[in-house]
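Reader: I am new to this structure, and I would like to learn how its features are read, one after another. Could you show it to me and then take my questions in turn?

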Amino acid sequence: MMENAASDDSIEVPRGFRKELSEMIDSMDAAEKIVTSGKSRAMRTATWIMSVAAGLLLLIGTGLTIHTFRTPEDTFTDPEEAYAAVEKALTEISGKMSGGAASARQAEETVSRHTEVIRSLY
């Protein structure tokens with residue numbers, strides 16, 4: 001169908017259209033060659049330098065991680081002493097949590113009072 005339309009002489013082609021079309025195709029070919037030809041020397045050099053830098057950073061980071069990572073030591077040798085320390089910590093946490101719960105209850109009461117006032121106005 002496209003070939004029939006191309007060979008149909010009854011369709012008038014604007015003057016200079018074939019030249020413009022040919023130039024556009026040539027410029028697209030040139031652009032494609034530039035894009036597919038690869039990177040410029042400067043880009044290849046920059047890519048190489050960044051790759052080396054990334055590799056060095058990876059090696060340094062791995063080395064520092066291995067150097068600074070140590071297995072934790074036991075802080076208690078007596079199990080009863082460890083249990084007492086855990087129980088003390090949990091008691092402190094519980095005390096702070098109940099203080100927070102009391103504050104939450106108080107805030108809830110305040111919000112409820114304000115809600116009732118607003119409902120009575122409207």
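Author: What follows goes from the whole chain to its helices, its surface patches and its charges.

Author: Please keep in mind that this is a predicted model, in which local features need pLDDT of at least 70 and side-chain atom pairs count only at pLDDT 80 or more, whereas totals for chains, interfaces and linings use all residues. Residues are numbered from 1 along each chain as its sequence is written, and side-chain values use heavy atoms, with hydrogens and water left out.

Reader: How many helices and strands are there in the protein chain?

Author: Helices (H or I, at least four residues) and strands (E, at least two) are DSSP runs, numbered from the N terminus. Here the protein chain has 4 helices and 0 strands, which gives the pattern α-α-α-α along the sequence.

Reader: What radius of gyration does the protein chain have, and what would a compact globule of 122 residues have?

Author: The radius is taken over C-alpha atoms, and the globule rule is 2.2 Å times the number of residues to the power 0.38. For 122 residues a compact globule would have a value near 14 Å, but the protein chain has 39 Å, and its C-alpha trace spans about 100 × 70 × 30 Å along the principal axes.

Reader: What percentage of the residues in the protein chain is buried?

Author: Buried means under 20% relative accessible area, exposed over 50%, and partly exposed in between (1.4 Å probe, protein chains only). Buried residues make up 0% of the 122 residues; Asp8, for instance, counts as partly exposed at 35%.

Reader: Which residues make the nonpolar surface patch?

Author: Patches are made of residues with over 30% relative accessible area and no salt bridge, like charges being joined within 9 Å and nonpolar side chains (Val, Leu, Ile, Met, Phe, Trp, Tyr) within 5 Å. Trp48, Ile49, Val52, Leu56, Leu59, Ile60 and Leu64 make one of about 750 Å²; among them, Leu59 belongs to helix H3 (residues 41-68) and is exposed at 63% relative accessibility.

Reader: Which residues gather in the patch of negative charge?

Author: Lys and Arg count as positive and Asp and Glu as negative, while His and the chain ends are not counted. The patch on the surface consists of Glu20, Glu23, Asp26, Asp29 and Glu32, and Glu20, found in helix H2 (residues 17-36), is exposed with a relative accessible area of 53%.

Reader: Which residue forms a salt bridge with Arg119?

Author: Side chains of opposite charge can pair when their charged atoms come close. A salt bridge is a side-chain nitrogen of Lys or Arg within 4 Å of a carboxyl oxygen of Asp or Glu, and a search of the whole structure finds 1. The partner of Arg119 is Glu116, with the closest N and O atoms 3.6 Å apart; the two are 3 residues apart in helix H4 (residues 79-121), and so are separated by about one helical turn. Glu116 is partly exposed at 47%, whereas Arg119 is exposed at 58%.

Terms used:
Areas by Shrake-Rupley, 256 points an atom, 1.4 Å probe, with all protein chains shown as cover. Charge placed at Lys NZ, Arg CZ, Asp CG, Glu CD.
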